[in-house]
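Biologist: I have not looked at this protein before. Please take me through it by question and answer.

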Amino acid sequence: MAANQFSETLEATNHRDEPEEARNLKPPIKGWTNPELCTWACPDGSFVKKILQRGSGLDRPKEGSKCRVYVEVEPSCNFEAETHFQNGINQSVEMILGESDTQFGEIIEKCVETMLLGEQCEVLLAPGLMEMFTDCGNELRLNVKLEEFTLNCDSWQMGFEEKWQVAMYNKAKGNEHFKSGNLFGAARRYAKSLRLLVTVKYDVPLEKGEEYDRARRALYSNLAACQIKQKQFRNVIQNCSKALEIDPDSVKCLYRRGQAYASIHEFDKARDDWKSVLILEPGNTAAAQQLRVLNEQFKAQNEKMGKAMSKLFI
């Protein structure tokens with residue numbers, strides 16, 4: 001049922017005329033009004049929002065904005081707020097956009113970034129996401145109201161030093177999340193930090209050049225460490241390769257890239273990376289073990305092929 005509702009609402013975003021039943025939606029929070037329904041689909045396909053009360057003004061919150069929002073989840077008894085949204089549910093709470101490091105929190109932030117002051121909306125999660133946040137499946141209802149917010153400056157208005165400080169803050173938060181096992185939050189923070197550092201590439205002071213390169217290398221490596229645990233092997237290869245452009249002798253990145261290559265069956269490239277690891281660290285037992293396993297697989301494959309070929313000449 002939830003999948004059908006999501007699909008129908010997504011389809012409605014492409015039509016000007018709304019169905020009659022949509023106009024008759026009951027307001028989910030006491031005191032809410034019910035104007036003509038408008039819909040908006042998140043470009044990444046994670047949710048569709050139905051606007052139940054239009055907001056006012058022209059400005060919308062952006063990353064870094066301090067907001068007061070009301071997030072209602074029904075039934076709340078099936079939703080673990082401490083895991084998914086520590087700000088709190090079914091009450092007015094303050095949140096800073098960009099500081100939520102859970103998938104549910106990211107969805108709320110993406111929704112809030114599209115809202116005008118006073119806007120109220122129902123959020124329909126894509127099929128499959130509901131089951132991640134609650135065990136009540138199709139029964140989950142999610143509503144958001146933007147009560148207050150203060151605008152924050154855009155990143156292009158920030159100078160090098162301010163961007164550097166924000167990037168290092170996100171890097172430190174990413175390390176905290178990685179240590180605690182929150183791979184989603186860690187990867188999100190590392191990616192944010194990298195995006196900021198890329199924008200100051202041509203503004204780095206000469207005396208900070210080496211530190212800048214070390215930070216970028218560490219971020220690419222750390223992001224790859226998250227992604228290999230999430231089985232995002234092509235992303236691992238991409239980020240390890242970027243780190244190796246900065247430091248070709250990074251043993252961690254060579255080893256991780258080798259693992260990623262092996263996982264997508266590019267065994268020759270995996271072998272090359274692990275051999276490079278052993279040249280740099282002859283005593284690296286992990287790389288040596290990976291090479292032994294790979295060589296045994298090649299040997300078994302060749303023997304099997306040889307037997308199959310021999311039968312052709314019997």
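Biologist: How many helices and strands does the secondary structure of the protein come to?

Modeller: The model is a predicted one, in which local features need pLDDT of at least 70, side-chain atom pairs count only at pLDDT 80 or more, and totals for chains, interfaces and linings use all residues. Residues are numbered from 1 along each chain as its sequence is written, and side-chain values use heavy atoms, with hydrogens and water left out. Helices (H or I, at least four residues) and strands (E, at least two) are DSSP runs, numbered from the N terminus. On that basis, the protein has 12 helices and six strands.

Biologist: What percentage of the residues in the protein is buried?

Modeller: Buried means under 20% relative accessible area, exposed over 50%, and partly exposed in between, with a 1.4 Å probe and protein chains only. Of the 314 residues in the protein, the buried ones make up 42%.

Biologist: What share of the contacts with a separation of 6 or more joins residues 24 or more positions apart?

Modeller: A contact means heavy atoms within 4.5 Å. Among contacts in the protein with a separation of 6 or more, residues 24 or more positions apart account for 64%.

Biologist: Is Arg189 buried or exposed?

Modeller: Arg189 sits in helix 7, which spans residues 183–199. Its relative accessible area is 0%, so Arg189 is buried.

Biologist: Which side chains make polar contacts with the side chain of Arg189?

Modeller: A polar contact is a pair of N or O atoms within 3.5 Å; within protein, one must be able to donate a hydrogen and the other to accept it, and residues adjacent in sequence count only if both atoms are side-chain atoms. Leaving out residues up to four places away in sequence, Arg189 touches Gly98, Glu99, Asp101, Tyr169, Asn170, Lys173, Gly174 and His177. The polar contact at 2.8 Å is with the side chain of Asp101, and the one at 2.7 Å is with the side chain of Asn170.

Biologist: Why is helix 8 roughly antiparallel to helix 9?

Modeller: Axes are lines fitted to C-alpha atoms, for helices over the stretch in contact, and angles run from 0 to 180 degrees between N-to-C directions. Angles under 35 degrees count as roughly parallel, over 145 as roughly antiparallel, 65 to 115 as roughly perpendicular and the rest as oblique. Helix 8 (residues 209–229) and helix 9 (residues 233–246) have axes 8 Å apart and pack at an angle of about 160 degrees. That angle makes the pair roughly antiparallel.

Biologist: Which handedness does the crossing of helix 8 and helix 9 have?

Modeller: A crossing is left-handed if the near helix is turned anticlockwise from the far one by less than a right angle, and right-handed if clockwise. The crossing of helix 8 and helix 9 is left-handed. The residues in this contact include Arg216, Tyr220 and Leu223 of helix 8, and Phe233, Val236 and Ile246 of helix 9.

Biologist: Are helix 8 and helix 10 roughly parallel or roughly antiparallel?

Modeller: Helix 10 covers residues 251–263, and its axis is 10 Å from that of helix 8, at an angle of about 30 degrees. The two helices are therefore roughly parallel.

Biologist: Which residues of helix 8 make the contact with helix 10?

Modeller: Helix 8 passes helix 10 in a left-handed crossing. On the helix 10 side, the contact is made by Lys252, Cys253, Arg256, Gln259 and Ala260. On the helix 8 side, it is made by Ser221, Ala225 and Ile228.

Biologist: Is Arg216 buried or exposed?

Modeller: Arg216 is found in helix 8. Not counting residues up to four places away in sequence, Arg216 touches Leu194, Leu197 and Ile246. With a relative accessible area of 19%, Arg216 is buried.

Biologist: Which side chain does a polar contact of 3.4 Å join to that of Asp247?

Modeller: Asp247 lies in the loop between helix 9 and helix 10. At 22% relative accessibility, Asp247 counts as partly exposed. The polar contact joins its side chain to that of Arg217.

Biologist: What is the phi of Lys231?

Modeller: Most residues other than glycine have a negative phi. Lys231 is in the loop between helix 8 and helix 9, and is exposed, with a relative accessible area of 64%. Its phi is positive, near 60 degrees.
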